[in-house]
Structure formats: structure tokens, C-alpha cells
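Visitor: I'd like to learn how to read a protein structure. Could you walk me through one?

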Amino acid sequence: MRRHWRAKLTPFQQRIFDRSTAVTTIRLDSSPQLRAAVKALPAALVAEEQARVAALSQTIVNHICWQLRVRTVQVRVHGTRPSNQQGELHGLYTQYGGGSKNDSIQVWMRTAKRKQTVAFRTFLRTLLHEVCHHLDYTYFRFRESYHTEGFFQRESSLFHRVMSPTTKSSPVAQKPPQSLSSLVQEFLPSQRHPQPEQ
């Protein structure tokens, strides 16, 4: 189905799609602070301590970003999920003007229909899903963040890394091959609206 959707993209977008598909893992070491935040999150969710959930979520995101040496992103935790006829919104990543300190991740603590607290694993996976969108732009330097097979594999690998208290890995995440134009851009001053790859 995703391949069928790929056919609707421009050649430039298809190159991004294919690069995203090719990257399947994100490797990082779990720091003590990250492990402590993940361990404390289930109890905070059950107690519906929204401010605590927000603080723990921000800690998780900060430590992932710091290890990968990318700018962190602000996490906002809300109460009940917004919904419409198509379903419930679980999480949302918003990027402003090509990336800035105002970028944000929004996640929700309760289901829309029954107002039940979201299960810990579901909440964490949603948070990490939005983190993966952030990493697509800031770490892998993709111009777009698509829901490719590679994207969902990266999300799963990040989830297992965060949940594993003892596993060690290379501190460098697997990056896709860079195009010549993207290599050149790393040496040029950052621009608010960079030109597309050739």
C-alpha cells in the first residue's frame, strides 16, 4: 500500500521515500536518566499526573536528542485526544519554518471515546513515533518525513532501545547514504528555505 502511495510522489520525493525506507534502525545507549524516566512513566500515567507525565516525556525526548546530537524538541502533553469521524489523534509533530526551537511534539493522555488513560506502551510508542519524525528532519536530514517501512522499523528499534535497560550499542545511528547536494549543504550557512536537491 505504501509502495502504491509512493507512485504518486514526484521523483524528488521518491528519492526521499527510498532513503527513508533504507534506514531501519536507530541505535543509542540508554542513560540512567532515560531509564529512570521510562520506569516512572507508567505510574504517572495511571495517576493521571499530567504535569509529571509531561516532565518525564520531555526527559525521554531530551536524552534521545542529546545522544544523537540534534536539537531537542518541546513536548506538550494534553488530556483527552481530539477526534472526528476518521478517528482519534494520538500524537502530532509540528515543524516551523524548516526547523526551529518552536518545533513541538504533542501527545494525549486519554482516549476520546471512553476518556480512559492511554496504556503505557501505547503512550510511549506514540511519543517515540513523533520523535522519529523529528529525527527524520534533524538527524537524517530528510526533506520530508514519510511513513515508510523503514520509518516504522526505526520506531520499533527506538522503542526497544528505550525499553531495554542494559543493552549497549554503537553510539552512532545508522544513516543513509548522503547525496552530493546534501553534503554540500552541511558546509553552507543554514538557510530558512533551502533549495531542493538536484
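**A residue and its helix**

Guide: Let's begin with Thr138, which sits in helix 5 (residues 120-138); helices here are DSSP runs of H or I with at least four residues, numbered from the N terminus. This is a predicted model, where local features need pLDDT of at least 70, side-chain atom pairs count only at pLDDT 80 or more, and totals for chains, interfaces and linings use all residues. Residues are numbered from 1 along each chain as its sequence is written, and side-chain values use heavy atoms, leaving out hydrogens and water.

Visitor: Is Thr138 buried or exposed?

Guide: Buried means under 20% relative accessible area, exposed over 50%, and partly exposed in between, using a 1.4 Å probe and protein chains only. Thr138 has 10%, so it counts as buried.

Visitor: Which residues does Thr138 touch?

Guide: A contact means heavy atoms within 4.5 Å. Leaving aside residues up to four places away in sequence, Thr138 touches Val70 and Arg71. Also, a polar atom of the Thr138 side chain lies 2.9 Å from the backbone oxygen of His134.

Visitor: At what angle do helix 5 and helix 6 pack?

Guide: Two packed helices are described by the angle between their axes and the distance between the axes. Helix 5 and helix 6 (residues 149-163) pack at about 120°, with axes 9 Å apart. Angles under 35 degrees count as roughly parallel, over 145 as roughly antiparallel, 65 to 115 as roughly perpendicular and the rest as oblique. Helix 5 and helix 6 are therefore oblique to each other.

Visitor: Which residues meet there?

Guide: Among them, Phe120 and Leu124 are on the helix 5 side, and Phe151 and Leu158 on the helix 6 side.

Terms used:
Helices (H or I, at least four residues) and strands (E, at least two) are DSSP runs, numbered from the N terminus. A polar contact is a pair of N or O atoms within 3.5 Å; within protein, one must be able to donate a hydrogen and the other to accept it, and residues adjacent in sequence count only if both atoms are side-chain atoms. Axes are lines fitted to C-alpha atoms, for helices over the stretch in contact, and angles run from 0 to 180 degrees between N-to-C directions.
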